[in-house]
Amino acid sequence: VDGKDSLTVKLDFPFDLNVSSYKIYAALDPQKLLPDFNRGNNLDSSSIQVNMFNLVPELGSTYKNVSNDTIKMGDFQFWLGAGEITGSAAVSYEINDITTSFQQAGLTPVLLRNLDKPVGLMLTKFNDEAKLTSPFLLNLQLSNTHYDSTTSAEKLPKLYRWDERMQVWLQQDAVLDTSCGCLTARLQETGFYAPFISSDNQPPRIELTVDGRQIRSKSLVSPNPVLNIVFEDESGLNIDRNRIRVMVDDAVLPQEKIFIPDSVQQSKVMGITAYPDLDIGQHSLQIDVKDVNGNESTKNYSLKVDDAFDLKVFGNYPNPFSDETIFSYYITSRDIIDDLEIRIFTTSGRLIKRIKNDMNTITPGNDPRRVGYNELIWDGTDEDGNQVANGVYFALVRAKYEGKERQEILKVAKLK
């Protein structure tokens with residue numbers, strides 16, 4: 001090479017899987033065939049890090065494309081089996097520090113065996129069209145300075161993945177072998193993974209409302225109830241659809257029957273809506289949810305759909321009232337009933353008001369005679385539209401269907 005020229009050389013170099021870094025040397029005129037005033041600068045070197053490997057459908061994880069290999073990367077190991085990816089892809093790994101931007105309340109980073117500072121593994125798959133059909137195996141070698149054989153299960157290190165959308169660490173399903181410090185997980189997606197110990201052991205809270213009525217454990221419901229489910233957790237909820245499960249009669253409710261807001265980014269409170277179709281009879285409902293630290297809550301309910309005509313009046317609220325009060329009741333029947341009416345009487349028995357609709361039920365689809373939970377508002381006026389005086393009144397809630405009648409009487413007080 002002339003002194004004023006440069007030379008570029010491209011080499012196909014087979015890196016050994018068991019070596020993660022190399023030093024490459026370049027020697028100019030190694031046989032010393034050319035005159036040179038300073039041979040001391042004829043040798044140069046550069047260190048390179050091997051951080052990329054191949055995934056192919058025929059072999060899975062491989063380096064030389066001749067066999068299925070477990071990729072060893074210091075304290076990490078990666079493996080994917082043959083036939084578990086739809087197309088060829090390259091995967092890179094990068095060791096990143098757990099900086100302040102990745103810290104989370106209640107989480108303590110765990111050191112790896114051969115490193116003296118908290119780090120995580122960034123796995124990046126190149127080629128979005130190549131899909132994983134089975135989970136890959138990821139193994140981390142942990143330092144035993146954070147735990148020993150007597151450490152309780154909830155205080156052992158767990159594996160977490162950084163969720164870009166929520167900007168939080170989410171616990172992953174993983175198994176820790178305390179005898180060797182091996183934390184092993186089978187994972188479905190690449191991303192930034194790191195081990196932590198969590199101080200949070202409180203599961204999320206679950207509240208269920210059916211057709212606008214809060215349910216504790218069991219309830220009468222319509223064949224097509226609207227289930228409003230509210231989750232709450234101080235550490236944050238895992239809003240991944242796969243972590244929220246609604247089951248009816250031991251079968252998972254299809255995704256098209258569950259509405260989960262896409263607008264939720266990160267929240268300690270979250271609401272979803274489910275729309276099951278129920279036959280006549282008893283049904284079981286199970287709701288499962290996890291928080292970001294993997295704490296799980298399960299609530300079980302008993303729901304009954306009855307087609308025998310009946311009326312159940314829950315009462316009115318507020319009572320006493322000043323401006324208006326809401327009567328709540330439940331109708332069971334095979335179909336919409338013939339008539340529903342609330343009559344207001346004075347204590348002397350004089351009828352002063354008939355209520356069949358209000359500002360809400362005049363809207364199509366909100367018929368107060370429908371099967372299930374219903375509400376009707378009394379605005380405190382008589383038939384002439386005048387406000388009634390303070391005092392005690394009686395409300396007769398009456399329902400009719402196919403010649404049968406059901407009714408209940410309530411005592412209502414107005415105080416203004």
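These legends describe an overview and several close-up views of a predicted protein model.

The model is predicted, with local features needing pLDDT of at least 70, side-chain atom pairs counted only at pLDDT 80 or more, and totals for chains, interfaces and linings using all residues. Residues are numbered from 1 along each chain as its sequence is written, and side-chain values use heavy atoms, with hydrogens and water left out.

**Figure 1. Overview of the protein chain, with 32 strands and zero helices.**
Strands (E, at least two residues) and helices (H or I, at least four) are DSSP runs, numbered from the N terminus. The radius of gyration of the chain is 34 Å, well over the 22 Å from the globule rule for 416 residues, so the chain is more spread out than a compact globule. That radius is taken over C-alpha atoms, and the rule is 2.2 Å times the number of residues to the power 0.38. The C-alpha trace spans about 125 × 50 × 40 Å along its principal axes. Of the 416 residues, 42% are buried. Buried means under 20% relative accessible area, exposed over 50%, and partly exposed in between (1.4 Å probe, protein chains only). Among contacts with a separation of 6 or more, 66% link residues 24 or more positions apart. A contact means heavy atoms within 4.5 Å.

**Figure 2. Surface and charge of the protein chain.**
The chain exposes about 23,000 Å², and carbon and sulfur atoms supply 49% of that area. Accessible areas come from the Shrake-Rupley method with a 1.4 Å probe; for residues, only the protein chains shown count as cover. There are 44 positive and 58 negative side chains. Lys and Arg count as positive, Asp and Glu as negative; His and the chain ends are not counted. The centres of the two sets lie 5 Å apart. Each charge is placed at NZ of Lys, CZ of Arg, CG of Asp or CD of Glu.

**Figure 3. The disulfide between Cys 180 and Cys 182.**
The S to S distance is 2.4 Å. A disulfide is a pair of cysteine sulfur atoms within 2.5 Å. A search of the whole structure finds one. Cys 180 is partly exposed, at 28% relative accessibility. Cys 182 is buried, at 14%.

**Figure 4. Ala 395 in strand 31.**
Strand 31 covers residues 391-401. Ala 395 has 0% relative accessibility and counts as buried. Leaving aside neighbours within four places in sequence, Ala 395 is in contact with residues including Phe 327, Ile 342, Ile 344, Leu 410 and Val 412. Ala 153 lies 242 residues from Ala 395 in sequence and 58 Å from it in space, C-alpha to C-alpha.

**Figure 5. Leu 376 in strand 30.**
Strand 30 runs over residues 372-378. Leu 376 counts as buried, with 0% relative accessibility. Beyond its neighbours within four places in sequence, Leu 376 is in contact with residues including Phe 327, Tyr 329, Leu 340, Ile 342, Ile 355 and Pro 368. Ile 342 is 34 residues from Leu 376 along the chain, with 8.5 Å between their C-alpha atoms.

**Figure 6. Leu 59 in the loop between strand 3 and strand 4.**
Strand 3 spans 52-56 and strand 4 spans 60-62. Leaving aside neighbours within four places in sequence, Leu 59 is in contact with Asn 65, Val 66, Ser 67, Asn 68, Leu 80, Gly 81 and Ala 82. The C-alpha atoms of Leu 59 and Leu 80 are separated by 8.4 Å, at 21 residues apart along the chain.

**Figure 7. Cis peptide bonds at Pro 318 and Pro 320.**
Most peptide bonds are trans. The bond joining Tyr 317 and Pro 318 is cis, with omega about -10 degrees. The bond from Asn 319 to Pro 320 is also cis, with omega near 5 degrees. Pro 318 is in the loop between strand 26 (310-317) and strand 27 (325-332). Pro 320 is in the loop between strand 26 and strand 27 as well.

**Figure 8. Positive phi at Asp 29 and Asp 249.**
Most residues other than glycine have a negative phi. Asp 29 has a positive phi, near 55 degrees. Asp 29 lies in the loop between strand 1 (21-27) and strand 2 (43-49). Asp 29 is buried, with a relative accessible area of 16%. Phi of Asp 249 is positive, near 55 degrees. Asp 249 sits in the loop between strand 20 (245-248) and strand 21 (251-252). Asp 249 is partly exposed, with a relative accessible area of 37%.
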